[in-house]
2 protein chains.
Amino acid sequence: MSKRVTIYDISKELNLSATTVYRALKGKPKISDETRKLVIETAGRLGYKANRVAQSLTRKTIKIGVVFDGFHHGFSKDIIKGMQHAFNELMDFKVEGVYGDLSVPSTPSDVKSVLSELMKVVESGVNGIIFEPWLIREEYSKTINELAEKGIPTITIVSDVPNSKRIAYVRQNGKMVGDIGAQLLAMLNDKGNNAIFIGNRDVVMHSEVIKGFTARLKKSGMDPIAIYETQDDDSIAYYATDKLLRDYPQVGGIFVGTAHSTGVCKKINELGLRQKVKIVCTDVYPETVEYLENNTIQAIIHQEPYKVGEIAVKSMYKYLVEGTLPDKDVLINPKIVIKSNYEEYLIK
Amino acid sequence: MSKRVTIYDISKELNLSATTVYRALKGKPKISDETRKLVIETAGRLGYKANRVAQSLTRKTIKIGVVFDGFHHGFSKDIIKGMQHAFNELMDFKVEGVYGDLSVPSTPSDVKSVLSELMKVVESGVNGIIFEPWLIREEYSKTINELAEKGIPTITIVSDVPNSKRIAYVRQNGKMVGDIGAQLLAMLNDKGNNAIFIGNRDVVMHSEVIKGFTARLKKSGMDPIAIYETQDDDSIAYYATDKLLRDYPQVGGIFVGTAHSTGVCKKINELGLRQKVKIVCTDVYPETVEYLENNTIQAIIHQEPYKVGEIAVKSMYKYLVEGTLPDKDVLINPKIVIKSNYEEYLIK
DNA sequence: CTGAAAGCGCTTACAG
DNA sequence: CTGAAAGCGCTTACAG
């Protein structure tokens, strides 16, 4: 309400210079323990809170590097858009994004080229790195730890490098995605014979989706009637759907937990099973929306890639500026999308 | 990438003082048209963008007043929480909230006391007002227009004062709420006999919900089998449910478009119709979640009151600082909530 | 109509 | 270990 307490107020109170107060408050060296204690205590008493606006006006530019291994068409692009949005918002705070080469293929690149890209970005003088590693690789862990030694923190996104010194792992909430998928299918058909299609069980994110899916079904005493891998490939998804329906003609619903639901939809339409077999899939894109509109897909679970990118940047910024460590696992919750509300997630 | 262009850069380029450049850029008086044109053109050429951080450091405190007519238990409280969050975020930008008396009852107060509260807040020297008018009243319109004359803009929230000079009306997207309600019920039961309960048709927000609901049904060539008013009263809702089921035993689903779905749920449970009659209601609160967990309610449409408050404050801030007028109608989109994802909306 | 100077609150480089 | 001074980029009050 009344005027905010400033560093100057504290310095007057204690007959010290603003510089000394600054050093005490920021844990900088060249100050006696005694003075530091006194300043900190007085700051607390007066209710001092640093003015972040003034801080950012005076500091030098913070550079945050962004490096992707595999680049997954729509999903990764939306992550980048989210990052760009965050960088834009933080522009006046002297924050700057340094992107590595984004023209990488949608399959994991070879380790050496990824690492050389990473080092190129590091050498441009970044203060932190946001890294999408795609696969778990020894070399990544080693590099992240070396950077940590040098005082350059890393945040992993989408995929993780476990056992490395990354300060956080930001990703979509896979378990909740699976959970919602199972719950929606249970609401959409009472047969209870639901299958799940997923890219590859070895990918951490994908296995989490399966976990969430089966756990929710289990609560009603059920199991998935089938778990099929599609390798995120449209043709595989197409033929897998065919096989599923031959093996389990009683199937009531399919949850497509990763990309390439279009193969499933195509086959379901060809077989004339639209609406008879309920489909729930992930992520709002023009193709999925089309199938939603023609009633092939009943609901879409949007994983908010845009937010993954935005939150990753903001978490790194906060860490660099305030030193506050984000939770190791930063989970972005998905949204449920039906015919009535997809537009909000489509236009960007 | 390279260093940002500052006012000082422009002044050097043109051999003018920073003050003059400032006046030109900000449309301040005491400057020749010629100089102004030159400065603006040069700013454009150099790609000048004002640094908002520096701007906010130098300006004097912006005060935003908040006044409610009726205060609706959970919903209004969450709006306030959203506002507090926004004020907190903007604290370093020298923004301050000035709340009027919030201990008003959950029914519309009398005009005089609301207006005197409003004027009290105005007299504390606010730069803008956020006002929840609850009912459409001549006097409100007059006051808002007088404030506008004095240069104090008003944003209305939840309810509107149409034909007044408020700069924007921020509210939940009622049409989408109704739309989603109808679509969910259509997905949850194929009987197609769906009813809607609403507080009072004369309330603008409520009538928008009905509009969205009927429009979505219409797309499948259907109409609501019944539209009942509850006056947002639990007992009325309870007995209305009874009557609905006597008059239309074939009812497949009920959408409760405003507060007090608990009356409906209680009756449905007593009649042993849980799950047979599908229920979709609005807003995540402990009571509604309980009924969601025990399968009386199938889905909740959360109207995000928190966001209504947050966005209202941020819209006003942006207007006061940048002069950018928000859209007259700022609509906050609802979220679809089921068993799997209510927690995010419950804890605040 | 134009400008020099001080100030917002914190940081930094320099001197002691 | 402590402090005086300049600076970040814009605003304001004052002088001309």
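**Exercises on a predicted protein–DNA model**

Strand β10 (residues 299-302) of chain B is joined to β12(B) by three bridges, and the two run antiparallel. Helices (H or I, at least four residues) and strands (E, at least two) are DSSP runs numbered from the N terminus. This is a predicted model: local features need pLDDT of at least 70, side-chain atom pairs count only at pLDDT 80 or more, and totals for chains, interfaces and linings use all residues. Residues are numbered from 1 along each chain as its sequence is written, while chains are lettered from A and ligands numbered from 1 in the order in which they are written.

**Exercise 1.** Describe the open sheet of chain B that contains β10 and β12.

*Solution.* 
Step 1. Within the pair, I300(B) has V337(B) of β12(B) as its bridge partner.
Step 2. The open sheet has six strands in the order β7-β6-β8-β9-β10-β12 (chain B), with mixed pairing; two strands pair if DSSP finds at least two bridges between them.
Step 3. β7 (226-229) and β12 of chain B are the edge strands, each pairing on one side only.
Step 4. On average, neighbouring strands are turned by 20° against each other, direction ignored.
Step 5. Helix α9 (residues 204-218) of chain B packs on the sheet and touches β6 (194-198), β7 and β8 (253-256) of chain B. The direction of α9(B) makes about 170° with that of β6(B); axes are lines fitted to C-alpha atoms, for helices over the stretch in contact, and angles run from 0 to 180 degrees between N-to-C directions.

**Exercise 2.** Determine how chain B is related to chain A and which elements of chain B touch chain A.

*Solution.* 
Step 1. The contact (C-beta atoms, placed from the backbone, within 7 Å) takes 24 residues from chain B and 24 residues from chain A.
Step 2. On the side of chain B, α4, α8 (174-188) and β12 (335-337) each supply at least two residues, and α8(B) gives the most, with six residues.
Step 3. Because 100% of the interface residues of chain B are also interface residues in chain A, the copies meet through the same surface.

**Exercise 3.** Identify the closest residues around DNA strand C.

*Solution.* 
Step 1. 26 residues surround DNA strand C (C-beta atom, placed from the backbone, within 6 Å of it).
Step 2. The closest are T6(A), I7(A), S17(B), T19(B) and K30(B).

Key: Two residues are in contact if their C-beta atoms, placed from the backbone, lie within 7 Å. Copies are superposed by least squares on the C-alpha atoms of residues with pLDDT of at least 70 in both.
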